[in-house]
Amino acid sequence: MSVLVGLFLIMSLTSCESTRTEYVTAPVVPIPAELLQDCPAPEIAHQMTYGQSVALNEELLTVIEKCNADKRSIREIEGSRKNLPAR
């Protein structure tokens, strides 16, 4: 009886040996074109009032925030590409 149990254990161990891991290459995700566009700079007047200066500063900060968001998205895309398994 112990011989049968021993044979069963040996067969169950060798049956797992035939499993193999196969990696499939994933297509490269292109970076969206809107992330690669230049950031638009607003027109700066030669003379402006204090109020216009404050509005310009706010507009410039908005442009910088959008550009930083684009760059962050590009870094995330590149980071996800680096985390792919090697061939």
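Aspartate 70 is in contact (heavy atoms within 4.5 Å) with Glu34 and Leu35, leaving aside its neighbours within four places in sequence. The place of aspartate 70 is in helix α3, where helices are DSSP runs of H or I with at least four residues, numbered from the N terminus. Aspartate 70 counts as buried because its relative accessible area is 9%; buried means under 20%, exposed over 50%, and partly exposed in between, with a 1.4 Å probe and protein chains only.

The model is predicted: local features need pLDDT of at least 70, side-chain atom pairs count only at pLDDT 80 or more, and totals for chains, interfaces and linings use all residues. Residues are numbered from 1 along each chain as its sequence is written, and side-chain values use heavy atoms, with hydrogens and water left out.

Aspartate 70 also forms a salt bridge with lysine 66, and their closest N and O atoms are 3.3 Å apart. The term stands for a side-chain nitrogen of Lys or Arg within 4 Å of a carboxyl oxygen of Asp or Glu. Side chains of opposite charge can pair when their charged atoms come close. Both partners lie in helix α3 (residues 50–82), four residues apart, or about one turn of the helix. An α-helix has 3.6 residues a turn, so residues three or four places apart point the same way. Lysine 66 is partly exposed, because its relative accessibility is 48%. A search of the whole structure finds one salt bridge.

Helix α3 itself has 33 residues and reaches 48 Å from its first C-alpha to its last. That is close to the 48 Å expected at 1.5 Å a residue, the expected span being 1.5 Å times one less than the number of residues. Its buried residues are Leu56, Cys67, Asp70, Ile74 and Ile77. Their cover includes α2 (33–36).

Now to the chain as a whole. The protein chain has three helices and zero strands, in the order α-α-α along the sequence. Of its 87 residues, 8% are buried. The accessible surface, from the Shrake-Rupley method with a 1.4 Å probe, comes to about 8200 Å², and 61% of it belongs to carbon and sulfur atoms.

Part of that surface involves helix α1 (residues 2–15), which holds leucine 4. Leucine 4 counts as exposed because its relative accessibility is 58%. Together, Val3, Leu4 and Leu7 make a nonpolar surface patch of about 310 Å². Such a patch joins nonpolar side chains (Val, Leu, Ile, Met, Phe, Trp, Tyr) within 5 Å, from residues with over 30% relative accessible area and no salt bridge.

How values were computed: Helices (H or I, at least four residues) and strands (E, at least two) are DSSP runs, numbered from the N terminus. Patches are made of residues with over 30% relative accessible area and no salt bridge: like charges are joined within 9 Å, nonpolar side chains (Val, Leu, Ile, Met, Phe, Trp, Tyr) within 5 Å.
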